[in-house]
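Look at the structure first, then read on.

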Amino acid sequence: MLALIVYLILGLALAWRLLPSLRGPVKCWLGLAFGCVLLMWLPCLPAFVLGFTRAAQWTALGVSLLALLALYVEHAVSRGTTELRKDLRALRASPPELSRSDLAGLLAAFFAALFCLYLLHTHVLRPGEDGLWVGQSTYGDLAMHLGFMESLYRQGTFPPEYSIYPGQPLNYPFLVDAASASLRFFGLSRRMAVIVPSVVMLFCVFWGFWLLADKLTGKVGPTLMSWLLFVFNGGFGFVYFTGKYRFSEIFTGFYTTPTNLVDQDIRWVNVVCDMLIPQRTTMAGWCVVLPAIFLLITALEKTLEGGGGRREFAVLAVLAGAMPMIHTHSFLALGILSAAWFFCALPKAKREGRVRELVMNYVLYGVVCLCLAAPQFFKWTMSSVRSGNLLQWNLGWVAGANGALNNWLLFFIMNVGVVFIAMWPAAFTLRGEKLGIFLGAFAIFVLANVIAFQPNLYDNNKLLYIWFMLTDILVCDVIWSILEPVPDRSIRAAVAGIIVFLGAFSGGLSMLREAVSEYRLLSTEQTAAADFIIEATEPDSLFLTSTAHTNPVAVLAGRNIVCGSSLYLYFHGVDYQEREARLPGMFAGGEAFETAREELGIDYVYLGGSEYSMYDVNEDYFFTHYPVIYNEGGITIFRVG
């Protein structure tokens with residue numbers, strides 16, 4: 001916790017120092033987000049030299065403490081210690097007042113984060129009598145993230161490699177897992193190292209969306225509407241549970257929810273259930289992209305109104321430059337918005353005579369951002385692009401993928417619901433800055449419907465949700481402008497309530513389903529074997545195991561395995577097929593195993609339930625030729641290296 005607290009305090013100090021003109025609540029939010037970025041990035045910088053080790057962690061923490069001291073000294077010198085004491089006394093005597101919207105936003109973010117804390121408690125390795133338990137949404141992704149985190153913490157290799165395919169650089173955005181690995185060095189357990197930073201980032205997402213909506217609408221009503229439609233997002237999938245499916249199946253089936261019903265082409269998943277809780281990179285990406293969008297809008301406003309904007313563009317440039325290995329999709333979405341909003345701002349810049357200022361600010365933004373982002377792309381991302389698995393033409397996202405909703409328009413109406421329907425008439429009422437914001441968001445929507453940016457077409461939703469965030473806010477602003485003149489408050493509330501109900505009912509049901517879901521990820525026998533592996537084997541040792549994603553060797557012990565699950569490797573652009581095809585021969589023993597052992601440097605063979613169920617294991621061969629170092633609970637480990 002020490003490191004996290006220091007980074008958050010430094011982030012807050014930087015927000016106050018670099019962005020003095022912004023409101024206090026906005027600076028608090030931005031400061032927390034900056035602190036999360038520092039937690040993800042700072043330990044990685046010395047790790048290039050020292051490895052991802054305890055020394056690198058303390059080096060980063062020491063630099064942070066020195067930076068805090070420097071900021072304090074600089075402020076004390078510029079203001080004088082006497083004036084500084086006066087400022088602090090005045091702040092204690094008369095703390096800044098929060099507006100009604102600020103208080104509502106804090107409460108909304110707090111309760112949303114509290115619900116997510118409950119989900120994290122039940123969904124992240126919850127201890128049970130018979131093993132470690134997770135939820136419906138984390139059954140798939142959590143194992144991958146735990147493997148990344150534990151291999152970084154246990155092995156210290158940096159830049160990291162795939163522990164589920166050693167020798168292959170980890171080109172997946174790994175910094176949120178590196179942040180959790182850093183907290184492991186400061187005493188947090190495997191479980192708490194995932195939960196603690198997640199709660200902070202989730203709070204930043206929920207609060208940040210509110211503050212962005214408040215900035216664009218200026219009113220509590222549309223801000224609350226848009227926030228509810230974002231957090232409880234869902235389309236009209238609930239209609240399938242009035243006939244085709246039983247209502248009870250929502251709470252008992254595996255992914256039979258109104259926002260994730262694949263057989264019926266319902267794929268617009270709820271952001272809490274299927275994006276923020278299980279997909280840690282998306283959570284971290286939204287924690288950063290919302291502040292970046294806020295700063296971009298603020299910087300453009302100041303530039304066009306003659307108030308500067310260069311300071312905001314400079315901070316934005318550093319923030320954006322840090323994003324590729326936090327969440328590449330969020331970085332891409334921000335790039336699309338930045339380009340679109342530049343061209344939308346040009347007409348006003350010409351009228352105000354500020355074209356040169358706009359161009360120069362964008363040059364600063366672009367140069368600094370690219371200088372920081374380019375090394376990340378060349379080091380990690382480009383290897384996936386060269387594999388040919390990324391950037392392919394694909395029309396219509398996943399509309400009709402399962403033959404149910406083949407009509408593109410009907411697909412989005414059923415999936416996105418009221419926001420998509422209201423978007424079209426609302427767009428014709430927008431003017432000026434808000435029209436530009438809409439067009440930038442719509443550019444993301446168009447590109448995500450014509451280009452697949454990764455092998456898994458579904459993952460384009462990581463772009464589409466950025467479109468949805470901004471469009472949701474603008475649509476609710478237009479709806480509220482229509483409702484506000486209605487003199488009867490009860491009518492206004494009833495109409496707004498119906499709209500929110502239609503847009504949030506499916507999402508609310510999905511969230512309730514998630515709250516009661518539970519699945520065992522790993523048995524007590526597997527956790528016991530993982531504990532033994534941690535104590536008795538070398539951190540960088542290589543194990544022959546099955547490719548099951550519920551693999552205690554990689555997930556809990558952080559050790560390397562010959563080949564992991566194709567669920568991860570294929571969609572990350574890793575060419576794993578040849579090695580995977582050799583696994584049956586390896587488990588059969590004999591020459592195939594011995595050849596692989598020499599070529600790959602296999603140190604141990606792990607035989608458990610998934611190995612016996614997936615392969616024809618010649619256990620007699622291993623018992624005859626190699627010593628057994630562990631044989632308990634149906635799990636046997638041989639030392640072969």
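Which helix gives the most to the lining of the largest cavity? In this predicted model, that helix is α7, with 4 residues. The count comes to 2 cavities of 30 Å³ or more.

**Largest cavity**
- The space in the largest cavity is about 90 Å³.
- Its lining has 16 residues, and those closest to the centre are Ala143, Ile164, His549, Ala554 and Tyr568.
- Two helices, α7 (138-155) and α23 (552-555), each supply at least two lining residues.
- The lining of the largest cavity holds 9 nonpolar and 7 polar residues, with no charged ones.

**Second largest cavity**
- About 50 Å³ of space lies here, in the second largest cavity.
- Helix α27 (residues 609-614) supplies the largest share of this lining, 3 residues.
- The lining of the second largest cavity includes Gln526, Ser546, Thr550, Asn551 and Pro552. Tyr606, Gly608, Gly609, Ser610 and Glu611 also belong to this lining.
- By class, the lining of the second largest cavity divides into 2 nonpolar, 7 polar and 1 charged.

**Cysteines**
- The structure holds 0 disulfides; a disulfide needs two cysteine sulfur atoms within 2.5 Å.
- For Cys116, the closest cysteine sulfur is in Cys273, at 8.8 Å, so the two are too far apart for a bond.
- Cys116 is buried, at 1% relative accessibility.
- For Cys369, the closest cysteine sulfur is in Cys371, at 9.2 Å, again too far for a bond.
- Cys369 also counts as buried, with a relative accessible area of 8%.

How values were computed: Residues numbered from 1 in each chain as written. Predicted model: local features only at pLDDT ≥ 70, side-chain atom pairs only at ≥ 80, totals over all residues. Heavy atoms only, no water. Buried < 20%, exposed > 50% of the residue type's maximum accessible area, 1.4 Å probe, protein only. 1 Å grid on protein atoms, 1.4 Å probe; cavity = no way out; pocket = protein on both sides within 12 Å on 5 of 7 lines; lining within 4 Å. Points joined across faces, edges and corners; volume = space filled by probe spheres on them. Nonpolar A, V, L, I, M, F, W, Y, C, P; charged D, E, K, R; others polar.
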